[in-house]
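Dear colleague,

Here is the structure that I promised to pass on to you. Please open it first, and then read my notes beside it.

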Amino acid sequence: IIDEVHHAPAKTWQHVIEELGCMQADGPSLIGTTATPTRGDGIGLHTLFEAIAYQKSLREMITDGWCCSMRAFTIHSDTSLDSVHIRHGDFAEGELASTVNTPERNTLIVESWRRLADNRRTLVFAVNIAHAEDLATWFQRAGIPAQALHGHLRKDDRRAMLAAFRRGDIPVLTSVSILLEGYDDPPLSCLILARPTQSPLLFAQAIGRGTRTANGKQDLLILDMVDVSSQHKIQTVASLFGLPAHLNLQGKPVVKTVEEIEDILSRHPGIQPDLFSTVDELLAEAHRLELRVEAVDLMTTLAPEVIAEANVTWVRLPSGEYALPMGGLAQIRIRQNLLDQWELVLLPENTILATQDNRQEAFLTGEKELAQRDPERWRLGQQEAAWRRRPPSENQKLRLQSLGISIPATRGEASFLIDQLNVRRQLSPEQIPTKKQEWFLKRHDAWNPALTKGQAGREIQRIKQELAQQTEQLEPSHDSSPSPLEFN
């Protein structure tokens with residue numbers, strides 16, 4: 001049994017595995033576990049393992065309560081990373097440290113912490129020892145007790161420093177690599193990601209240090225330092241959940257925000273999240289679109305890889321998965337797993353139907369499955385079907401109008417919007433309205449069974465605001481003296 005099995009493709013690890021006889025036909029079984037489902041070098045685990053027995057994403061872990069809720073602020077700096085070279089899939093450490101370890105950037109980190117972190121016990125990830133020590137000095141100059149933890153300290157000194165940090169004597173601890181993997185500190189509630197990285201592995205490990213649940217811990221706050229770069233693909237909290245890397249989540253709960261954005265994209269597939277810098281800007285654009293009717297081009301709503309590799313209209317989700325709605329609540333989902341294979345999953349049972357080595361084969365396999373299970377839907381789902389160019393049907397119009405969605409120009413576009421709606425309703429059971437929401441909306445003749453929990457909440461808020469305004473208009477003024485206008 002191997003823990004932290006994402007390291008297993010390394011030659012040193014493979015040598016041990018081979019010596020134990022695990023690669024021989026009659027050798028012992030090999031089982032691996034990891035909370036980090038990616039490797040920095042992009043090498044999958046398919047050379048060592050035959051199948052994934054069980055998996056659960058960070059998003060699912062947060063939704064199910066195994067990990068705490070997360071909030072994130074994107075802190076944009078003026079530091080450019082374009083001149084930093086790449087070594088072994090990530091930034092060259094020496095060049096990166098000299099680029100980001102500047103008085104301006106360090107001051108921005110300290111000011112952001114004082115403004116947003118509310119004196120939370122905080123772990124800061126730095127690039128190298130000099131960067132960690134300089135960041136600690138910057139906090140100290142601001143009157144904030146801080147220390148730098150790194151491998152050049154004596155073991156006893158490191159233990160004493162960690163003990164003081166856990167007690168709260170040191171509110172801010174800067175670190176270099178030493179606490180990236182295996183460090184367990186459940187009450188820790190704030191992370192500062194001061195080290196830019198291109199590695200999803202490194203980034204996920206850093207986030208994992210703060211996701212433990214603990215008594216009295218409401219959430220994990222992340223201050224995500226994002227520098228200027230037109231040459232490199234930098235990892236951020238937004239990109240970890242399938243959103244544009246630069247998108248500022250503005251301190252909102254991450255999983256709920258991702259669900260809300262998926263909701264928006266299902267209702268307005270023409271919106272391009274890459275064009276917005278903040279979540280609020282994206283929400284404002286969605287609200288603007290809901291106030292006017294405009295035609296949607298189906299070929300701009302389908303992902304380019306779906307047009308090139310598939311025959312039917314797969315819906316691409318922000319998470320990178322692809323969904324194909326079927327009758328009722330069923331749908332086929334395609335996603336990439338830890339072995340670099342493409343899994344076909346049947347929802348809501350969450351049953352793995354098949355695995356393929358590439359995405360196109362997965363599309364074709366999913367379409368064959370649809371053809372067997374629902375031939376009529378498979379026929380209608382063809383991208384080039386003639387019916388798609390006809391005007392929307394009356395049933396389509398009624399369905400979209402009841403949801404406040406603009407009526408598109410063609411029946412194919414309307415079908416695609418409805419498919420996206422069906423996919424959205426399957427994203428998480430937590431998005432189903434509560435009985436209390438349903439009761440309130442029915443009482444005010446505003447109930448619609450197609451509403452999500454978030455939409456129901458917004459509709460309830462709107463109704464309550466209208467009721468409050470009506471009450472204010474009916475209440476007499478407390479000032480009994482006439483105004484000049486009334487006197488005249």
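This is a predicted model: local features need pLDDT of at least 70, side-chain atom pairs count only at pLDDT 80 or more; totals for chains, interfaces and linings use all residues.

Residues are numbered from 1 along each chain as its sequence is written, and side-chain values use heavy atoms, with hydrogens and water left out.

The axes of helix 4 (residues 103-116) and helix 5 (residues 129-141) come within 10 Å and cross at roughly 55 degrees, where axes are lines fitted to C-alpha atoms, for helices over the stretch in contact, and angles run from 0 to 180 degrees between N-to-C directions. Helices (H or I, at least four residues) and strands (E, at least two) are DSSP runs, numbered from the N terminus. Among the residues that meet, helix 4 brings I109, V110 and W113, and helix 5 brings L135, W138 and F139, contact meaning heavy atoms within 4.5 Å.

Turning to the sheet, six strands form an open arrangement in the order 3-10-9-6-8-7, with parallel pairing; two strands pair if DSSP finds at least two bridges between them. Its edge strands, each pairing on one side only, are strand 3 (69-80) and strand 7 (146-149). Within it, strand 9 (residues 190-193) and strand 10 (residues 219-228) are joined in the parallel sense over four bridges, and I192 stands opposite L223 in strand 10.

Best wishes
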